[in-house]
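This briefing covers one protein model. Please have the sequence and the 3D view open while reading.

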Amino acid sequence: MCDCEKLENALIKREINTPEGVITTTVGPNSATVSRDGFAKQIYSRLFDWLVNRINASIGQDPSSDKLIGVLDIYGFESFKTNSFEQLCINFTNEKLQQHFNQNVFKMEQEEYTREQINWSYIEFVDNQDVLDLIEKKPGGIIALLDEACMFPKSTHETLSQKLYEKFKNHKRFAKPKLSRTAFTIQHYAGDVIYQSDHFLDKNKDYVVAEHQELLNASRCSFVSVLFPPAPEENTKSSKSSSIATRFKMQLHELMETLSSTEPHYIRCVKPNSVLKPAIFENTNVLQQLRCSGVLEAIRISCAGYPTRKLFHDFLHRFRILAPEIL
């Protein structure tokens with residue numbers, strides 16, 4: 001329910017502020033397409049946030065409560081034929097969660113030995129901090145370099161890839177596929193994933209176009225109008241674009257802080273087959289899921305300490321024949 005003529009102008013024209021005044025120009029097909037996609041993304045994003053807030057309000061979430069029960073539902077590492085910006089974000093999240101899981105399992109082992117007063121030596125466990133630094137470290141991580149590339153109009157996915165190759169040529173977790181000039185491989189916790197950088201720049205840009213905001217705020221549909229309240233004055237003067245990756249990183253940081261302040265319990269779901277039928281067990285597929293979800297590493301941490309555990313009563317009952325005089 002927007003004004004059709006204004007909507008058309010907002011998509012195909014752009015106002016540029018110059019010392020002589022405001023100049024209106026018509027943009028080319030490519031820029032108009034980016035403008036249209038940005039417009040759609042804005043609506044989707046606001047609608048998504050509205051829906052999440054509505055659900056949280058409806059289940060009676062109390063922001064002032066000092067107790068919290070949360071459910072974090074996540075599938076695990078993703079590696080498809082084509083892996084783009086979305087997979088990098090998802091796998092970055094999985095690396096963070098994997099580190100949290102490993103540290104928690106390791107910490108529980110330590111506490112158990114301390115509680116039982118068992119003499120034990122340090123257990124080595126795989127620390128994936130180097131992968132996290134590769135992706136998120138400032139300055140010089142992949143996200144930082146991607147954000148930097150987005151600020152320069154002449155950047156392309158080829159120039160971005162070349163910068164990554166140059167920066168990380170000696171990094172043990174980063175590799176350049178032999179037959180590609182734009183893809184790159186990250187050696188994740190769960191295995192190698194090849195990313196195609198083709199749409200990284202477009203997907204990372206989050207254009208907030210003032211004309212779009214005003215247009216949607218003036219919608220005759222009250223719901224759409226509420227989704228797009230007038231922007232504060234200081235916001236309209238600031239930069240018109242922000243980075244999806246940086247915002248994602250900040251939200252992930254908040255999630256990890258929440259997880260670290262709670263007592264986690266893990267439920268591992270394993271899909272026995274990919275055809276969704278009973279009585280079929282695909283060994284390779286199940287093993288891959290166990291690897292990707294960190295279960296094998298958790299078992300390895302347990303085995304590195306004391307893998308056999310019996311309750312004191314059971315232990316006594318089983319081995320009392322060895323020292324009857326004590327009983």
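How many cavities of 30 Å³ or more does the structure hold? The structure holds one. The model is predicted.

**Cavity**

- The largest cavity has a volume of about 40 Å³.
- Its lining is made up of Phe85, Leu88, Cys89, Phe92, Ile135, Ile143, Leu146, Ala245 and Phe248.
- Helices α3 (85-116), α5 (142-150) and α11 (244-260) are the elements that give two or more residues to this lining.
- Of the elements, α3 gives the most, with four residues.
- Sorted by class, the lining of the largest cavity has nine nonpolar residues, no polar residues and no charged residues.

**Salt bridges**

- Side chains of opposite charge can pair when their charged atoms come close.
- The count of salt bridges in the model is seven, taking a side-chain nitrogen of Lys or Arg within 4 Å of a carboxyl oxygen of Asp or Glu as the rule.
- Asp37 and Arg36 form a salt bridge, and their closest N and O atoms are 3.0 Å apart. Asp37 is partly exposed, with a relative accessible area of 36%, and Arg36 is also partly exposed, at 46%.
- Lys203 and Glu86 meet through their side chains in a salt bridge, with 3.1 Å from N to O. This pair links distant parts of the chain, since Lys203 is in helix α7 (residues 200-204) and Glu86 is in helix α3, 117 residues apart. Lys203 has a relative accessible area of 25% and is partly exposed; Glu86 is partly exposed at 37%.
- Glu136 forms a salt bridge with Lys96, and the closest N and O atoms are 3.0 Å apart. Glu136 lies in helix α4 (residues 129-136) and Lys96 in helix α3, so the pair ties together parts that are 40 residues apart in sequence. Are Glu136 and Lys96 buried or exposed? Both Glu136 and Lys96 are buried, and the cut-off for that class is under 20% relative accessible area.
- Asp130, Lys172 and Arg173 are linked in a network of salt bridges.

**Nonpolar surface patch**

- Which residues form a nonpolar patch on the surface? They are Phe312, Phe315, Leu316, Phe319, Ile321, Leu322 and Leu327.
- Together these residues have about 800 Å² of accessible area.
- Leu327, one of the patch residues, is found in the segment after α14 (312-319).
- Why does Leu327 count as exposed? Its relative accessibility is 60%, and exposed means over 50%, so Leu327 falls in that class.

**A contact across the sequence**

- Thr258 has its place in helix α11, one of the elements that give two or more residues to the lining of the largest cavity.
- With 37% relative accessibility, Thr258 counts as partly exposed, because this class lies between the buried cut-off of 20% and the exposed cut-off of 50%.
- How many residues apart in sequence are Thr258 and Gly70? They are 188 residues apart in sequence, and 9.4 Å apart in space from C-alpha to C-alpha.

Technical notes: Residues are numbered from 1 along each chain as its sequence is written. This is a predicted model: local features need pLDDT of at least 70, side-chain atom pairs count only at pLDDT 80 or more; totals for chains, interfaces and linings use all residues. Side-chain values use heavy atoms; hydrogens and water are left out. Patches are made of residues with over 30% relative accessible area and no salt bridge: like charges are joined within 9 Å, nonpolar side chains (Val, Leu, Ile, Met, Phe, Trp, Tyr) within 5 Å. Accessible areas come from the Shrake-Rupley method with a 1.4 Å probe; for residues, only the protein chains shown count as cover. Buried means under 20% relative accessible area, exposed over 50%, partly exposed in between (1.4 Å probe, protein chains only). On a 1 Å grid over the protein atoms alone, a cavity is a set of points where a 1.4 Å probe fits but cannot get out, and a pocket is an open set with protein on both sides within 12 Å along at least five of seven lines; lining residues have an atom within 4 Å of a point. Grid points are joined across faces, edges and corners, and a volume is the space filled by probe spheres set on the points. Ala, Val, Leu, Ile, Met, Phe, Trp, Tyr, Cys and Pro count as nonpolar, Asp, Glu, Lys and Arg as charged, and the others, Gly among them, as polar.
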